[in-house]
Amino acid sequence: MSIAADDWRLMNAEHLRGLSFELKPYQRWSENWDHDHCAACFAKFAQTDVSEDALHVGWAAGEDHPHGAAYDWICEDCFSELSVVLGWRIVS
């Protein structure tokens, strides 16, 4: 799939260029947060005990994120479509 240079999701996620990501169950980054959003498309992430209609698995930013691991999340669709353009690396 080809992504247009002006795709709004690219602009939203540009700050994550070149970072590593790990596919895993969503865990909130802070006890003060009850949910999060995909850094590209804003899809909602939450733990199952908070919201059943949100995403519960996604790509969590790795240790190389300026704020630390799992600070930002990317949904599976956006990761699939944007990872090559933004140079995201997969870690396990």
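Start by selecting Glu14 and showing its side chain. Glu14 counts as partly exposed because its relative accessible area is 37%, which falls between the 20% limit for buried and the 50% limit for exposed. Keep in mind as you look around that this is a predicted model. Is Arg17 buried or partly exposed? Arg17 is partly exposed, at 44% relative accessibility.

**Stop two: more charged pairs**

Side chains of opposite charge can pair when their charged atoms come close. How many salt bridges does the structure hold? There are 5 salt bridges in the structure.

Select Arg89 and Asp64 for another one. Here the closest N and O atoms are 2.7 Å apart. This pair ties together distant parts of the chain: Arg89 belongs to strand β6 (residues 89–90), while Asp64 sits in the loop between β4 and β5, 25 residues apart. Arg89 is partly exposed, with 43% relative accessibility, and Asp64 is partly exposed too, with a relative accessible area of 33%. While you have salt bridges on your mind, pick out Asp7, Arg9 and Glu81: salt bridges with shared partners join these three into one network.

Zoom in on two members of that trio. Glu81 and Arg9 meet through their side chains in a salt bridge, 2.6 Å from N to O. Which parts of the chain does the pair link? Glu81 is in helix α2 and Arg9 is in helix α1, 72 residues apart. Arg9 is buried, because its relative accessible area of 11% is under the 20% cut-off. Glu81, on the other hand, is partly exposed, at 25%.

Trp8 is partly exposed, with 46% relative accessibility. Together with Trp8 they form a nonpolar patch on the surface, with about 370 Å² of accessible area between them.

Click on Phe42 by itself for a moment. You'll find Phe42 in the loop between β2 (36–37) and β3 (44–45), and at 48% relative accessibility it counts as partly exposed. Check its backbone angles if your viewer shows them: phi of Phe42 is near 75 degrees, a positive value in a residue other than glycine.

Which other residue has a positive phi, of about 65 degrees, although it is not a glycine? Select Ala70. Ala70 lies in the loop between β4 and β5. Is Ala70 buried or exposed? Ala70 is buried, with 10% relative accessibility.

**Stop four: a serine in a loop**

Jump to Ser30, in the loop between β1 (20–25) and β2. Ser30 is buried, with a relative accessible area of 17%. Follow its side chain: the side chain of Ser30 reaches the backbone nitrogen of Asn32 at 3.0 Å.

In soluble globular proteins, nonpolar side chains tend to be buried together. To look at this here, select Phe21, Ile74, Leu82 and Trp88. They have the most contacts inside the largest nonpolar core, which has 23 residues. Which elements give two or more residues to this core? They are α1 (8–13), β4 (57–61), β5 (73–74) and α2 (76–86). The largest share, 4 residues, comes from α2.

Now centre the view on Ile74. Leaving aside its neighbours within four places in sequence, Ile74 is in contact with Leu16, Phe21, Cys38, Ala39, Ala40, Phe45, Gly58, Trp59, Phe79 and Trp88.

**Last stop: a buried glycine**

Pick Gly58 from among those contacts of Ile74. Gly58 is found in strand β4. What is the relative accessible area of Gly58? At 0%, Gly58 is buried. Not counting residues up to four places away in sequence, Gly58 touches Glu22, Leu23, Lys24, Phe45, Trp73 and Ile74. To finish, draw a distance line from Gly58 to Phe21, C-alpha to C-alpha: the two are 9.4 Å apart in space and 37 residues apart in sequence.

Conventions: Residues numbered from 1 in each chain as written. Predicted model: local features only at pLDDT ≥ 70, side-chain atom pairs only at ≥ 80, totals over all residues. Heavy atoms only, no water. Core = buried A, V, L, I, M, F, W, Y, C linked by side-chain atoms within 4.5 Å. Buried < 20%, exposed > 50% of the residue type's maximum accessible area, 1.4 Å probe, protein only. Contact = heavy atoms within 4.5 Å. Patch = residues over 30% accessible without salt bridge, like charges linked within 9 Å, V, L, I, M, F, W, Y side chains within 5 Å. Areas by Shrake-Rupley, 256 points an atom, 1.4 Å probe, with all protein chains shown as cover. Salt bridge = Lys/Arg side-chain N within 4 Å of Asp/Glu carboxyl O. Polar contact = N/O pair within 3.5 Å; in protein donor to acceptor, adjacent residues only side chain to side chain.
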